[in-house]
Amino acid sequence: MSYAGGNGIDESGITAAADLSSYQYHFVKVDANGRVNICTAVTDVSLGVLQNKPSAVDSPARVRVAGISKLVLNQAANEGALLTSNTQGFGVPQGTASHFCGAILLHATGGSGDIHDALITHLYSV
């Protein structure tokens, strides 16, 4: 079952910190200047998942902050997997309980580059 069609809450009053046109459906975070940029570590606290393709600094960025979003994964994972970001904003299974969980995978995925539905969360698992 696919949930495409926008079941969630988007934040659209923010701007991109760089050209993010290649990072649609990747985890993003807020940088020191209040702009969004790609998550670059499993310890990053994600704001959510980028929904559009901003092509320059200060371009409008739309981020899904709650609900269901498409998410690009970087490896195979089972449904129900807790996901965090890797160094390029891809969703990866959470390896350590102290890492931030940005989403829960709703369907199993086969591997790198797969795009699947995930429920956006904002929690640390313990």
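Residues are numbered from 1 along each chain as its sequence is written, and side-chain values use heavy atoms, with hydrogens and water left out. Because the model is predicted, local features need pLDDT of at least 70 and side-chain atom pairs count only at pLDDT 80 or more, whereas totals for chains, interfaces and linings use all residues.

The chain contains 0 helices and 9 strands, where helices (H or I, at least four residues) and strands (E, at least two) are DSSP runs numbered from the N terminus. For 126 residues, a compact globule would have a radius of gyration near 14 Å, and the 13 Å of the chain agrees with this; the radius is taken over C-alpha atoms, and the globule rule is 2.2 Å times the number of residues to the power 0.38. The C-alpha trace spans about 35 × 30 × 25 Å along its principal axes. Among contacts (heavy atoms within 4.5 Å) with a separation of 6 or more, 58% are made by residues 24 or more positions apart.

Of the 126 residues, 45% count as buried, a term that means under 20% relative accessible area, while exposed means over 50% and partly exposed lies in between (1.4 Å probe, protein chains only). In soluble globular proteins, nonpolar side chains tend to be buried together. A nonpolar core is here a set of buried Ala, Val, Leu, Ile, Met, Phe, Trp, Tyr and Cys residues joined through side-chain atoms within 4.5 Å. The largest such core has 15 residues, of which Phe27, Val49, Leu71, Leu73, Leu83, Ala103 and Leu105 touch the most other members; strands S5, S8 (100–105) and S9 (115–124) each supply at least two residues of this core. A second, separate core of 10 residues includes Ala16, Val36, Ile38 and Leu50. When residues up to four places away in sequence are not counted, the contacts of leucine 83 include Phe27, Val92, Phe100 and Ala118.

Most residues other than glycine have a negative phi. Aspartate 58, in the loop between strand S4 (48–50) and strand S5 (60–72), has a positive phi near 70°, and with a relative accessibility of 42% aspartate 58 counts as partly exposed.
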